[in-house]
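Hi,

Here is the structure I promised to pass on.

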Amino acid sequence: MEKILKTFKNLWFRDLSEETVYINDTAVRIRAGILLIIPIYMVFTFVNVVYGPTWEVPPAAIATDTYETDMEDRTLYAIEATKRVFEYSFQTKLLVYALVEMLLGMTMIGARFSPTILIASLLTIGKKPEWKPIGPKRCAWLMGASFISVCIVFFNPDAVASWINSLLGANIPVDVNYVPTWLALNLVWMCLLFMWLEAIVGYCVGCKVYALLVNLGVVNRHCDACENINWDEVRRKKQEKLDKKNKS
């Protein structure tokens, strides 16, 4: 009971009073496994939308001969069919939930409102924690939030355009989808791959991106979890940039 109460108090954080926030990477991987079901479902949705039939033919429909032929002298038949209309309300709600989950995990206050963080933290009771700084994970979740946002726009181009028009007084057409199908589909595949690597393999792609940003000088926060970062080399490159700037 004491461990459960402590989990409710601290969740996956090591010490809330620390200047650099550390979280339990074991819980992070469990959470990624829980959320993995969302990109799996979205992959099936996109495959159905992109590669599924465009028209639906009733089972009792009968093709009738039109007594006409096409340019290649093939007989044309007529049949009653209806064009498929896709309704994405459930997918949109699922994506909005996933987006909220990504954003909640970025702050200590927000984490207390995340069901998956609470479940993952409870499931790690009795397991040895693996503490890592939250910075690289925030980078991963920010990437996920960006991917999810694009997919939400893909499913709701008219609603997003109407919202922008009312907010900014613009006149964006509401009958055009500005997100190509190939882009949304590839982003879903990437989400699925990245979350699978995190949950099953323990490889955080977002953390590697964070390490790259550190090497480029975009991020200057220390991170022991980012592998293969030569901090002396990072400082040397920064000093070289400053020296060049001062000379110019």
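**What I found**

Let's start with Thr92, which sits in helix H4, spanning residues 89-104 (helices are DSSP runs of H or I with at least four residues, strands are E runs of at least two, numbered from the N terminus). Thr92 is buried at 14% relative accessible area, where buried means under 20%, exposed over 50% and partly exposed in between, with a 1.4 Å probe and protein chains only. Leaving aside residues up to four places away in sequence, Thr92 touches Phe155 and Asn156; contact here is heavy atoms within 4.5 Å.

A caveat on how to read this: the model is predicted, so local features need pLDDT of at least 70 and side-chain atom pairs 80 or more, while totals for chains, interfaces and linings use all residues. Numbering runs from 1 along each chain as its sequence is written, and side-chain values use heavy atoms, without hydrogens and water.

Next, helix H6 (residues 115-123): Thr116, Ile117, Ala120 and Ser121 are buried there. Down the H6 axis, the buried residues fall within an arc of 130 degrees, so they line one face of the helix (the arc is taken from the directions from the helix axis to the C-beta atoms).

As for the whole protein, there are eleven helices and six strands. Buried residues make up 37% of the 248. Of the contacts with a separation of 6 or more, 69% join residues 24 or more positions apart. The C-alpha trace spans about 80 × 65 × 40 Å along its principal axes.

Cheers
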